[in-house]
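Work through the exercises below with the model open. Each task is followed by a solution in steps.

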Amino acid sequence: MPMSAIRTETAPMASTAAAPVIAMTPKRPARAERYLKMAKEAAIRVVPPLVVLILSMMIWELICRRAGSTLPPPSKVFKDTRELIFDPFFDHGGIDKGLFWHLSASLQRVALGYSLSAIVGIALGTLVGQSVWAMRGLDPIFQVLRTIPPLAWLPLSLAAFRDGQPSAIFVIFITSVWPIIINTAVGIRNIPQDYRNVAAVVQLNPIEFFGKIMIPAAAPYIFTGLRIGIGLSWLAIVAAEMLIGGVGIGFFIWDAWNSSHISEIILALFYVGIIGFVLDRLIAGLAKVVTRGTAPN
Amino acid sequence: MHPYLKLDHIDKSFTRGAATTEVLKDINLTIGKGEYVSIIGHSGCGKSTLLNIVAGLTETTTGCVLLENREVNSPGPDRAVVFQNHSLLPWLTVYENVRLGVDKVFARSKSRGERDAWTMHNLNLVQMAHAKDKRPSEISGGMKQRVGIARALAMEPKVLLLDEPFGALDALTRAHLQDSVMALHQKLGNTILMITHDVDEAVLLSDRIVMMTNGPSARIGEVLEVPLARPRRRLELATNVAYLKCRQRVLEFLYERHRFVEAA
């Protein structure tokens, strides 16, 4: 991905650099050539997955179109879910809402739980990374707690909060906080002694040291944790919502299964996949912007 | 000579478990204001430890460092260090790297505009103002070291500590940078303590050369005055008798009397 991004950037530069040398070359063909090249690059990226997608759809269609097959073929999925696809915004009250509302309810829970875990995770990770005693005391406990599956926390949090909404948010928090803590701690522990020496000579106070040295130096590690965390959050929310009910994509899937609307399940899975992918890319993009220049030289 | 920086009976030993290694033994050294002193010795003799002690980054076991008759035992901008591997923060631009120190040291005494001007002034001193918006990864090794020097100078240190500042550079860049440091020393009159393992560098730059014996328990073996007038010119010195004599003395010390023993 980054490789091809670099190539698309250098391509136009090369052609403009060539222009003054060959003075007789008119500008238009050069530009057309550039667009052609860009189209080519895009095609290289888009065509292969498209071909695979179409092929697998065809195989799926062929397998599932026979009478008595348990799963619907793609053509039937499309026919059944037409309304849901083209009108995601309807709201008939209760949980009878368009997919947009279900997805946005899930995303809100993730946003809350994940923000909480990012803040707590970075704070605790800094503590564990910075203090030997905090590491000795906390690290073994974290290592045990992080292996507990997300859904195992749900009954306990329901008992504690006596409500679905905060419980779901807690499950997201507790699922995604561990990789953030652990990666932040590793990042902080790996801050080169040189940077610490610079801070000591300049006499940065602890708060300045945290903001000006620790966070930037550990940023690549922190973002690795954040990226794993967002993936886990999205995994956990779908499962948690199946159990807590209400509006949300997880319960939408469970509800569709209970009403035997298999096509709706497939459509929902498609959306879950796309949104998970977008969330991951978002954090990756943010990491790229924030950590530019952080790579050691 | 009026003592400006004084290393008073410094011993340093590192303890790991039951084993104690004595690194430095009874180091006494007095440096006058504006003096350029080099410490030379084989690798592993503890010369970097000594510099870290002066910088306050390492504690002494016994003895102390006095700067203007006051004990210093923690790091501070009055003893700015130019690190061997430049240690610029890669996420900051050249300007921001220098400004970081300036903002801390002159937080009260200079206004925002003055701090900006002072940062640029120091970048100009090392001829790096043109690259002020570049990141360390975008400039060469010699340029990084120039910025490192600017960062240290900008803190207006009482003593400038150079930890093998030219060690990681190629020979041509090193010569160029040595000339720059000589010019800066001439112009600003800083007190400089430099660690080096390069005999020519030591003789060319220093007023005095402190030669250290091999560790463990390294001590100051000999102190050599370099009786060469400043400004010094590299080419003229190549045939200068006093220069060659000094060079000879240091070489004899390092390669005859205190030859490097691998086991140490």
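**Exercises on chain A**

Leu50(A) sits in helix 2 (residues 27-64) of chain A, helices being DSSP runs of H or I with at least four residues, numbered from the N terminus. This is a predicted model, in which local features need pLDDT of at least 70, side-chain atom pairs count only at pLDDT 80 or more, and totals for chains, interfaces and linings use all residues. Residues are numbered from 1 along each chain as its sequence is written, chains are lettered from A and ligands numbered from 1 in the order in which they are written, and side-chain values use heavy atoms, with hydrogens and water left out.

**Exercise 1.** Classify Leu50(A) as buried or exposed, or in between.

Step 1: buried means under 20% relative accessible area, exposed over 50%, and partly exposed in between (1.4 Å probe, protein chains only).
Step 2: the relative accessible area of Leu50(A) is 44%, so Leu50(A) is partly exposed.

**Exercise 2.** State how far Pro149(A) is from Val132(A).

Step 1: Pro149(A) lies in the loop between helix 5 (132-145) and helix 6.
Step 2: the two residues are 17 apart in sequence and 28 Å apart in space, C-alpha to C-alpha.

Definitions and conventions: Helices (H or I, at least four residues) and strands (E, at least two) are DSSP runs, numbered from the N terminus.
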